[in-house]
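I opened this notebook to record what surrounds the ligand and what lines the pockets. The entries follow the order in which I looked things up.

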Amino acid sequence: MSAALLAAAQAAAAHAHAPYSHFRVGAAVRADGRLFTGCNVENASYGLTICAERTAIFAAVAAGARRIEAIALACVDAAADAAPGLLMPCGACRQVMAEFAGPDLPVTIAGFGTISLGALLPHAFRLPPGETP
Ligand code: THU
């Protein structure tokens with residue numbers, strides 16, 4: 001249920017390491033009926049920062065999951081009147097979602113609503129299964 005997933009994402013943001021942007025993000029993934037959470041983890045070498053969605057997805061994969069059933073994210077430091085773009089998952093995270101889910105994946109975004117991965121990332125890059133180009 002997306003309300004529970006969203007609550008888990010909001011709670012996970014408390015663990016964010018965001019001393020540079022002060023923009024804490026939490027994410028929660030349901031996979032194989034289990035819940036995995038993540039937060040953004042920044043680095044003094046800025047480009048090494050990883051987003052909350054990817055830490056949650058990678059936690060699920062590291063635990064053995066391969067199909068993601070739902071994901072939620074919460075940018076808890078965004079102002080109540082923030083432009084929608086500030087609340088949305090970045091392009092890199094959308095591509096990582098596409099690795100482990102199809103276009104019907106429900107993506108629940110705090111302050112925005114639920115939207116499918118296919119709507120967020122049409123024409124995702126995909127390799128044929130078991131093949132290299
Ligand atoms: N961030 C995420 O965690 N997820 C996104 O989809 C977009 C951005 C983080 C990365 C960085 O720590 C902070 O938000 C500001 O860009």
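Predicted model: local features only at pLDDT ≥ 70, side-chain atom pairs only at ≥ 80, totals over all residues.

The entries below treat the ligand, then the pockets.

**Entry 1. Shell of the ligand.** I asked which residues are around the ligand. I listed S21, F23, V25, N40, E42 and T49, together with C51, A52, E53, M88, P89 and C90.

Entry 2. For E53, I found a polar side-chain atom 2.6 Å from an oxygen atom of the ligand. N40 likewise places a polar side-chain atom by a ligand oxygen, at 2.9 Å. In the case of A52, the atom concerned is a backbone N or O, and the distance to a ligand oxygen is 3.0 Å. I next looked up the cover of the ligand: on its own it has 370 Å² of accessible area, and the protein covers 78% of this.

Entry 3. Where does the ligand sit? I found it in the largest pocket. The space in this pocket comes to about 220 Å³.

**Entry 4. Lining of the largest pocket.** I recorded 15 lining residues, with F23, V25, C51, C75 and M88 nearest the centre of the pocket. Two or more lining residues come from each of the elements α2 (52-62) and β3 (68-75). By class, the lining divides into 10 nonpolar, 3 polar and 2 charged residues.

**Entry 5. Second largest pocket.** I then turned to the second largest pocket, which holds about 160 Å³ of space. Which residues line the second largest pocket? I noted R67, Q95, A98, E99, A101, G102, F125, R126 and L127. I classed this lining as 4 nonpolar, 2 polar and 3 charged residues.

Conventions. Residues numbered from 1 in each chain as written. Heavy atoms only, no water. Near = heavy atom within 4 Å. Polar contact = N/O pair within 3.5 Å; in protein donor to acceptor, adjacent residues only side chain to side chain. Areas by Shrake-Rupley, 256 points an atom, 1.4 Å probe, with all protein chains shown as cover. 1 Å grid on protein atoms, 1.4 Å probe; cavity = no way out; pocket = protein on both sides within 12 Å on 5 of 7 lines; lining within 4 Å. Sits in = over half its atoms within 2 Å of the grid points. Points joined across faces, edges and corners; volume = space filled by probe spheres on them. Helix = DSSP H or I, 4+ residues; strand = E, 2+ residues; numbered from the N terminus. Nonpolar A, V, L, I, M, F, W, Y, C, P; charged D, E, K, R; others polar.
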